[in-house]
Amino acid sequence: MASIEVKEDKYRTHIYGETEKNTKWRYGGPPNYDVVNKLFEEGRTKIWPTGSLEEKVQNLVKTWEMEMFHKTSFDDYKTVDKNKYTLSLNGRRALSLEEKRKLGGGYNSLLQTSLPDNLRCYNPAEETADSSHRAFTTAFPRGFAVEILHVYSGPPVIVYKFRHWGYMEGPFKGHNPTGEMVQLFGMSIFELDEQEKIVKVEFFYDRGELLGGLLKGSRSDSSISQDEASTCPFMKKTG
(Lines give C-alpha, C1' and ligand atoms only; values in the text may rest on other atoms or scores of the structure.)
Protein backbone atom coordinates (compact mmCIF):
# COMPACT_ATOMS: atom_id res chain seq x y z
CA MET A 1 0.00 0.00 0.00
CA ALA A 2 1.37 3.42 -0.95
CA SER A 3 2.10 5.73 1.95
CA ILE A 4 0.12 8.94 2.25
CA GLU A 5 2.28 12.04 1.96
CA VAL A 6 1.69 14.41 4.86
CA LYS A 7 2.41 17.96 3.79
CA GLU A 8 3.30 20.69 6.25
CA ASP A 9 5.18 23.94 6.52
CA LYS A 10 7.77 24.38 9.27
CA TYR A 11 6.65 27.88 10.16
CA ARG A 12 2.99 28.13 9.12
CA THR A 13 -0.20 26.30 10.03
CA HIS A 14 -3.61 26.26 8.33
CA ILE A 15 -2.24 25.41 4.87
CA TYR A 16 -2.67 21.64 4.69
CA GLY A 17 -4.88 19.07 6.36
CA GLU A 18 -8.52 18.15 6.69
CA THR A 19 -9.58 21.61 7.86
CA GLU A 20 -8.25 23.12 4.63
CA LYS A 21 -9.76 20.66 2.14
CA ASN A 22 -12.43 23.19 1.06
CA THR A 23 -10.27 26.32 1.36
CA LYS A 24 -10.54 28.73 -1.58
CA TRP A 25 -6.98 29.59 -2.64
CA ARG A 26 -6.19 32.67 -4.72
CA TYR A 27 -3.97 30.72 -7.11
CA GLY A 28 -5.86 27.45 -7.21
CA GLY A 29 -4.04 25.59 -4.44
CA PRO A 30 -2.07 26.04 -1.22
CA PRO A 31 1.12 28.10 -1.53
CA ASN A 32 4.54 26.47 -1.33
CA TYR A 33 7.01 28.34 0.88
CA ASP A 34 10.07 26.13 0.34
CA VAL A 35 12.02 28.83 -1.53
CA VAL A 36 11.31 31.67 0.89
CA ASN A 37 11.88 29.37 3.88
CA LYS A 38 15.37 28.72 2.52
CA LEU A 39 15.95 32.48 2.19
CA PHE A 40 14.69 32.95 5.74
CA GLU A 41 16.96 30.27 7.20
CA GLU A 42 20.02 31.57 5.35
CA GLY A 43 19.44 35.23 6.15
CA ARG A 44 17.80 35.43 9.58
CA THR A 45 19.67 37.10 12.40
CA LYS A 46 17.79 35.35 15.22
CA ILE A 47 17.14 31.66 15.87
CA TRP A 48 14.49 31.43 18.56
CA PRO A 49 14.27 28.40 20.90
CA THR A 50 11.51 25.91 20.18
CA GLY A 51 8.41 26.80 22.18
CA SER A 52 9.62 30.30 23.05
CA LEU A 53 7.30 33.30 22.90
CA GLU A 54 9.38 34.71 20.05
CA GLU A 55 9.01 31.54 17.98
CA LYS A 56 5.25 31.43 18.60
CA VAL A 57 4.85 35.08 17.57
CA GLN A 58 7.01 34.57 14.46
CA ASN A 59 4.94 31.58 13.37
CA LEU A 60 1.70 33.44 14.04
CA VAL A 61 2.86 36.37 11.90
CA LYS A 62 3.90 34.07 9.06
CA THR A 63 0.60 32.17 9.19
CA TRP A 64 -1.45 35.38 9.35
CA GLU A 65 0.46 36.78 6.38
CA MET A 66 -0.12 33.56 4.40
CA GLU A 67 -3.86 33.72 5.01
CA MET A 68 -4.13 37.40 4.11
CA PHE A 69 -2.31 36.91 0.81
CA HIS A 70 -3.55 33.51 -0.33
CA LYS A 71 -7.05 32.78 1.03
CA THR A 72 -9.87 34.46 -0.86
CA SER A 73 -12.76 33.71 1.51
CA PHE A 74 -12.93 35.34 4.93
CA ASP A 75 -14.63 32.16 6.17
CA ASP A 76 -11.38 30.25 5.62
CA TYR A 77 -9.30 32.49 7.90
CA LYS A 78 -8.19 30.66 11.04
CA THR A 79 -5.92 33.30 12.62
CA VAL A 80 -8.40 36.20 12.74
CA ASP A 81 -11.95 36.93 13.83
CA LYS A 82 -13.45 37.99 10.49
CA ASN A 83 -16.17 40.09 12.14
CA LYS A 84 -13.95 42.10 14.48
CA TYR A 85 -10.63 42.24 12.62
CA THR A 86 -9.17 45.62 11.65
CA LEU A 87 -5.83 46.71 10.22
CA SER A 88 -4.20 50.13 10.37
CA LEU A 89 -0.96 51.51 8.98
CA ASN A 90 1.05 54.29 10.64
CA GLY A 91 -1.92 55.56 12.64
CA ARG A 92 -4.35 55.73 9.71
CA ARG A 93 -8.01 54.87 10.10
CA ALA A 94 -8.45 51.16 10.81
CA LEU A 95 -9.78 49.05 7.92
CA SER A 96 -12.14 46.09 8.11
CA LEU A 97 -11.47 42.98 6.03
CA GLU A 98 -13.97 44.17 3.40
CA GLU A 99 -12.38 47.64 3.23
CA LYS A 100 -8.96 46.01 2.94
CA ARG A 101 -10.24 43.86 0.05
CA LYS A 102 -11.55 46.95 -1.75
CA LEU A 103 -8.02 48.42 -1.59
CA GLY A 104 -6.68 45.33 -3.31
CA GLY A 105 -5.56 43.56 -0.13
CA GLY A 106 -1.99 42.30 0.31
CA TYR A 107 0.66 44.81 -0.60
CA ASN A 108 -1.83 47.57 -1.41
CA SER A 109 -3.18 47.83 2.12
CA LEU A 110 0.37 47.71 3.49
CA LEU A 111 1.68 50.42 1.14
CA GLN A 112 -0.98 53.09 1.67
CA THR A 113 0.29 56.63 1.21
CA SER A 114 -0.90 60.22 1.40
CA LEU A 115 1.46 61.31 -1.40
CA PRO A 116 -0.20 63.01 -4.40
CA ASP A 117 -0.76 60.65 -7.31
CA ASN A 118 2.03 62.18 -9.41
CA LEU A 119 4.57 61.44 -6.67
CA ARG A 120 3.62 57.82 -6.13
CA CYS A 121 6.35 55.51 -7.37
CA TYR A 122 4.02 52.65 -6.46
CA ASN A 123 0.36 53.63 -6.46
CA PRO A 124 -1.91 51.25 -4.49
CA ALA A 125 -4.96 52.96 -6.00
CA GLU A 126 -4.00 51.66 -9.45
CA GLU A 127 -3.06 48.11 -8.44
CA THR A 128 -5.18 45.00 -7.98
CA ALA A 129 -4.40 42.11 -5.65
CA ASP A 130 -3.04 40.14 -8.62
CA SER A 131 -1.00 42.96 -10.20
CA SER A 132 0.63 43.89 -6.90
CA HIS A 133 1.42 40.25 -6.14
CA ARG A 134 2.94 39.89 -9.60
CA ALA A 135 5.05 43.03 -9.19
CA PHE A 136 6.65 41.94 -5.92
CA THR A 137 7.06 38.25 -6.69
CA THR A 138 8.78 39.24 -9.94
CA ALA A 139 11.13 41.62 -8.11
CA PHE A 140 11.78 39.05 -5.35
CA PRO A 141 11.88 35.62 -7.08
CA ARG A 142 13.27 34.04 -3.89
CA GLY A 143 10.56 35.66 -1.81
CA PHE A 144 10.34 38.41 0.80
CA ALA A 145 11.23 36.79 4.13
CA VAL A 146 10.20 38.03 7.56
CA GLU A 147 11.73 37.47 10.98
CA ILE A 148 10.85 38.69 14.45
CA LEU A 149 13.69 40.63 16.04
CA HIS A 150 12.17 41.32 19.45
CA VAL A 151 8.91 40.66 21.28
CA TYR A 152 8.12 43.36 23.82
CA SER A 153 4.90 41.89 25.19
CA GLY A 154 2.98 38.65 24.82
CA PRO A 155 -0.72 37.97 24.27
CA PRO A 156 -3.32 39.29 24.43
CA VAL A 157 -1.51 42.39 23.12
CA ILE A 158 1.61 41.34 21.23
CA VAL A 159 4.10 44.09 20.44
CA TYR A 160 7.06 43.14 18.27
CA LYS A 161 9.82 44.45 16.03
CA PHE A 162 10.27 42.81 12.64
CA ARG A 163 12.59 42.68 9.64
CA HIS A 164 11.45 41.92 6.07
CA TRP A 165 14.07 41.29 3.38
CA GLY A 166 14.61 39.94 -0.10
CA TYR A 167 16.99 40.18 -3.05
CA MET A 168 15.90 42.29 -6.02
CA GLU A 169 16.72 39.78 -8.74
CA GLY A 170 13.86 40.76 -11.02
CA PRO A 171 12.54 44.05 -12.45
CA PHE A 172 10.11 46.32 -10.61
CA LYS A 173 7.95 48.98 -12.24
CA GLY A 174 10.35 49.57 -15.12
CA HIS A 175 13.50 49.39 -12.98
CA ASN A 176 16.13 46.78 -13.72
CA PRO A 177 17.15 44.33 -10.97
CA THR A 178 20.14 45.24 -8.84
CA GLY A 179 20.69 41.87 -7.17
CA GLU A 180 20.98 43.75 -3.87
CA MET A 181 19.24 43.00 -0.60
CA VAL A 182 16.24 45.22 0.12
CA GLN A 183 15.24 45.46 3.78
CA LEU A 184 12.34 46.90 5.73
CA PHE A 185 12.24 47.28 9.52
CA GLY A 186 9.18 48.11 11.56
CA MET A 187 7.00 47.63 14.61
CA SER A 188 3.62 45.96 14.92
CA ILE A 189 0.89 45.32 17.46
CA PHE A 190 -1.38 42.27 17.29
CA GLU A 191 -4.37 42.21 19.64
CA LEU A 192 -5.88 38.76 20.33
CA ASP A 193 -9.25 37.84 21.84
CA GLU A 194 -10.09 35.08 24.34
CA GLN A 195 -10.02 32.46 21.52
CA GLU A 196 -6.54 33.68 20.49
CA LYS A 197 -7.94 35.11 17.25
CA ILE A 198 -6.43 38.34 15.97
CA VAL A 199 -8.92 41.19 16.20
CA LYS A 200 -6.65 44.18 15.63
CA VAL A 201 -3.39 44.75 13.74
CA GLU A 202 -1.34 47.95 13.70
CA PHE A 203 1.81 48.44 11.63
CA PHE A 204 4.37 51.23 11.88
CA TYR A 205 7.12 51.54 9.26
CA ASP A 206 8.47 53.70 6.44
CA ARG A 207 7.39 52.28 3.08
CA GLY A 208 10.23 54.27 1.50
CA GLU A 209 12.69 51.73 2.93
CA LEU A 210 11.15 49.12 0.65
CA LEU A 211 10.38 51.21 -2.43
CA GLY A 212 13.68 53.10 -2.29
CA GLY A 213 15.56 49.82 -2.59
CA LEU A 214 13.39 48.65 -5.48
CA LEU A 215 13.88 51.86 -7.46
CA LYS A 216 17.69 51.94 -7.33
CA GLY A 217 18.08 50.01 -10.58
CA SER A 218 18.41 51.78 -13.90
CA ARG A 219 15.24 52.39 -15.88
CA SER A 220 14.55 49.74 -18.49
CA ASP A 221 12.67 52.41 -20.46
CA SER A 222 15.46 54.64 -21.74
CA SER A 223 12.98 57.26 -22.88
CA ILE A 224 12.33 58.50 -19.33
CA SER A 225 13.52 62.07 -18.88
CA GLN A 226 15.32 63.60 -15.93
CA ASP A 227 12.27 65.77 -15.27
CA GLU A 228 10.08 62.67 -14.98
CA ALA A 229 12.58 60.98 -12.69
CA SER A 230 12.82 63.98 -10.41
CA THR A 231 9.09 63.84 -9.64
CA CYS A 232 9.65 60.69 -7.56
CA PRO A 233 11.02 61.41 -4.07
CA PHE A 234 12.74 58.01 -3.88
CA MET A 235 14.42 58.25 -7.29
CA LYS A 236 16.12 61.45 -6.17
CA LYS A 237 18.24 59.37 -3.81
CA THR A 238 19.27 56.65 -6.24
CA GLY A 239 22.22 58.51 -7.75
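**Entry 1. A surface patch**

I began with Met187, which lies in strand S5 (residues 181-192); helices (H or I, at least four residues) and strands (E, at least two) are DSSP runs, numbered from the N terminus. The model is a predicted one, in which local features need pLDDT of at least 70 and side-chain atom pairs count only at pLDDT 80 or more, while totals for chains, interfaces and linings use all residues. Residues are numbered from 1 along each chain as its sequence is written, and side-chain values use heavy atoms, with hydrogens and water left out.

I noted that Met187 counts as partly exposed because its relative accessibility is 30%; buried means under 20% relative accessible area, exposed over 50%, and partly exposed in between (1.4 Å probe, protein chains only). Together with Tyr152 and Phe204, Met187 forms a nonpolar patch on the surface, with about 270 Å² of accessible area in total. Patches are made of residues with over 30% relative accessible area and no salt bridge, like charges being joined within 9 Å and nonpolar side chains (Val, Leu, Ile, Met, Phe, Trp, Tyr) within 5 Å. Accessible areas come from the Shrake-Rupley method with a 1.4 Å probe, and for residues only the protein chains shown count as cover.

**Entry 2. The whole chain**

I recorded seven helices and six strands, in the order α-α-β-β-α-α-α-β-β-β-β-α-α from the N terminus on. Of the 239 residues, 46% count as buried. The accessible surface comes to about 12700 Å², and 50% of this belongs to carbon and sulfur atoms. Among contacts (heavy atoms within 4.5 Å) with a separation of 6 or more, 60% are between residues 24 or more positions apart.

**Entry 3. Cavity and pocket**

I searched the whole structure and found one cavity of 30 Å³ or more. On a 1 Å grid over the protein atoms alone, a cavity is a set of points where a 1.4 Å probe fits but cannot get out; a pocket is an open set with protein on both sides within 12 Å along at least five of seven lines, and lining residues have an atom within 4 Å of a point. Grid points are joined across faces, edges and corners, and a volume is the space filled by probe spheres set on the points.

The largest cavity has a volume of about 30 Å³. Its lining consists of Trp64, Met68, Phe69, Leu87, Lys100, Gly106, Ser109 and Leu110. Helix H2 (53-70) and helix H4 (106-110) each supply at least two residues of that lining.

The largest pocket has a volume of about 690 Å³. It is lined by 34 residues, of which Tyr33, Glu65, Phe69, Tyr107 and Phe144 are the closest to its centre. H2 gives the most to the pocket lining, with six residues. Elements that each supply at least two residues include helix H1 (34-43), helix H5 (129-139) and strand S3 (145-153).

I then looked at H5 itself, where Ser131, Ser132, His133, Ala135, Phe136 and Ala139 are buried. Their cover includes H2, H4, S4 and H6.

**Entry 4. Salt bridges**

I listed 16 salt bridges in the structure, each a side-chain nitrogen of Lys or Arg within 4 Å of a carboxyl oxygen of Asp or Glu. Lys71 pairs with Glu67 at 2.7 Å, N to O, and both residues are buried. In the bridge between Lys82 and Asp75, the closest N and O atoms are 2.2 Å apart. Lys82 is partly exposed, with a relative accessible area of 38%, whereas Asp75 counts as exposed at 54%.

Glu169 and Arg142 also meet in a salt bridge (2.8 Å, N to O). Glu169 lies in the loop between S4 and S5 and Arg142 in the loop between H5 and S3, so the pair ties together parts that are 27 residues apart in sequence. Glu169 counts as partly exposed at 35% relative accessibility, and Arg142 counts as partly exposed at 30%. Salt bridges with shared partners join Glu20, Glu67, Lys71 and Lys78 into one network.

**Entry 5. Two loop serines**

I placed Ser73 in the loop between H2 and strand S1 (86-89). It counts as buried because its relative accessibility is 14%. Leaving aside neighbours within four places in sequence, Ser73 is in contact with Lys24 and Arg101.

I placed Ser218 in the loop between helix H6 (207-214) and helix H7 (226-230). Ser218 counts as partly exposed, at 48% relative accessibility. Beyond neighbours within four places in sequence, Ser218 is in contact with Gly174, His175 and Asn176. Ser218 and Thr178 are 40 residues apart in sequence and 8.5 Å apart in space, C-alpha to C-alpha.
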